[in-house]
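Me: I am new to protein structures. Please pick a part of this one, look at it closely, and walk me through it in short steps.

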Amino acid sequence: MNKYWNSYTETLPREELDRIEFKYFKNILSYAKNHSNLYKEKLKGIEVEDIKTVEDIKKVPFTYKEELRKWQEDVDPFPYGGILGVPIEEVSTFRQTSGTTGRPVYVPESYESWQWRIESWCHILWMAGFRPRHRIFLPFGYNVYVAFWEAHYAAEKIGCEVVPGGALDTKGRVNKIIELKANAMAGTPTYLLNIAKEAMEMGIDPKSLGIERALGAGEPLPEATRLRIEGLYGCKMFDHIGSTETCGFAGMCEEQKGLHIVEPFFLVEMLDRETLSREVDVGEQGVIVITPLGRKSFPVIRFNTNDVAVKGPDNCPCGRTSKKMMEIVGRVDDIRKIRGVLFSPKTVEQLIRSEFPEIVEYEIVVTRQDIMDEITLRIEVDPSLSEEQAASIAKRLAEGHKIKTNLTCKVKIEPAGTLPRYDLKAKRFKDLRGGH
Amino acid sequence: MEEIRKEIKKIEESALRLKSLAPENNSIVKNASIILVFVYLLKFATAMWEE
Ligand SMILES: [Zn+2]
């Protein structure tokens, strides 16, 4: 079986991909301008003919999540508002964002746009080694959120056998995996860890479940967490990036170093954080700006994700010619200055997942005492540990934190079950300083 | 690739013709429309576009 999902587009020379994406960009820009009220208004001063070179793309303003929301409040047609790019009768599926940062965004998918989205996802699954031999278990609450619906349909399309794992508790899911001998999974990294933990509590070694391959979705996957999941299940664990607004747009190949952008489905720009006008160099951090190039029902143009990632190297040994990005460093809004030092909550996650398997849940809280910022790590440790052992973990964590972040912190041990648990979109970082 | 693109074009024309041959038949119109959705994806898969 060919190692590529599409041996033609995945190995096109760079210049060819650039040329195709530039052409597609103009097509979708013109489409959005003619079919979506938001873009009719927003792109008033911009004519497609003015976009003559790749550099001219920067003349097109970014689209922000906030605008999508604004254009849905009391704007017809209900509930999609001004972004809708097809007649409402053509909408075949409703999706929405989780609303963790405000009012949810309602996302319309036409049959065509949904299938386009699935086709893009087929690249992600195939690249991660999912094949028709896999019986893939999908442990998620089938709901209004997009996470995993893409995985479900794309896995079906590439020929896997899909087992919908909704409406079961974690124990029920462990039992279902055993009963059906499922050999692949996709889930949020946090939940895959939970399943492994539940299995161990049931006296079952997660390795004996026979999971060969897993794909993370719905939340970031720091390298340490990825390795931890691989270690627990004895499987290969892959990452992908996407969101409700943008679709899944990048995935990890067998090299497991960074993520390939699915080209030429998406135009992905990585722009410098200060001016948002310069494409960053390999190894440099950039803000991810995305234009899905063939999705007409929700035609976002230059969507600024506010996510920051490191630009990956060219020439992946896998032979794909697409651009790569390394893992997401954090959200523009999550990276904060604390006592004058740039702090990303992901560093703490990385530390806990790689060096502290005894910590079952945690939360980072930043407060201000007089003029001094204070970081508190609230942790829950494995309840079978003694008080002395817990205290020693807390001490080691505080030291590790100082080394990794250059900032001191307090560690507070909480009783078991105090901290919230997350299946999707974990919110383990709380900045309570106000006006920071 | 040119030969593949020509074939995709043929499927497109054929599906459009199917729709026009039976405009009253919901099943034929819908299934032909679905073929056109996959034609759209095939155009993406072959980087084919209308100038
Ligand atoms: Zn690769």
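Reply: Start with a term. A nonpolar surface patch joins nonpolar side chains within 5 Å of each other, from residues with over 30% relative accessible area and no salt bridge. Keep in mind that this is a predicted model.

Now find such a patch on chain B. B:Ile11, B:Leu18, B:Ile28, B:Ile35 and B:Leu42 form a nonpolar surface patch of about 350 Å². Which helices supply its residues? At least two residues each come from α1 (2-21) and α2 (26-45) of chain B. The biggest contribution, three residues, is from α2(B). B:Leu18, one of the patch residues, sits in helix α1 of chain B.

Next, see where the two chains meet. On chain A, 18 residues are in contact with 16 residues of chain B. How much area is buried there? The size of an interface is often given as the accessible area lost when the parts come together. Here chain A and chain B bury about 1,500 Å² between them. Carbon and sulfur atoms account for 72% of that area. On the chain A side, the residues that lose the most area to chain B are A:Tyr8, A:Lys23 and A:Tyr24. Together they make up 35% of what that side buries.

What about polar links? Polar contacts do occur: three residue pairs between the two chains, with both residues at pLDDT 80 or more.

Which elements of chain A touch chain B? Two give two or more residues to that side: α1 (14-35) and α4 (111-127) of chain A. The largest share is five residues, from α4(A). Sorted by class, this side of chain A has eight nonpolar, four polar and six charged residues.

Last, look at the backbone of chain A. Most residues other than glycine have a negative phi, and most peptide bonds are trans. Some spots depart from that pattern. The peptide bond from A:Asp76 to A:Pro77 is cis, with omega near -10°. A:Phe78 and A:Pro79 are also joined by a cis peptide bond, with omega about -5°. Where are these prolines? A:Pro77 is in the loop between α3 (65-70) and β1 (91-96) of chain A. A:Pro79 is in the loop between α3 and β1 of chain A as well. Then there is A:Arg302, which is not a glycine but has a positive phi of about 50°. Look for A:Arg302 in the loop between β12 (285-292) and β13 (303-311) of chain A.

Definitions and conventions:
Residues numbered from 1 in each chain as written. Chains lettered and ligands numbered in written order. Predicted model: local features only at pLDDT ≥ 70, side-chain atom pairs only at ≥ 80, totals over all residues. Heavy atoms only, no water. Contact = heavy atoms within 4.5 Å. Buried area = accessible area lost by both parts, 1.4 Å probe. Polar contact = N/O pair within 3.5 Å; in protein donor to acceptor, adjacent residues only side chain to side chain. Helix = DSSP H or I, 4+ residues; strand = E, 2+ residues; numbered from the N terminus. Nonpolar A, V, L, I, M, F, W, Y, C, P; charged D, E, K, R; others polar. Patch = residues over 30% accessible without salt bridge, like charges linked within 9 Å, V, L, I, M, F, W, Y side chains within 5 Å. Areas by Shrake-Rupley, 256 points an atom, 1.4 Å probe, with all protein chains shown as cover. Salt bridge = Lys/Arg side-chain N within 4 Å of Asp/Glu carboxyl O.
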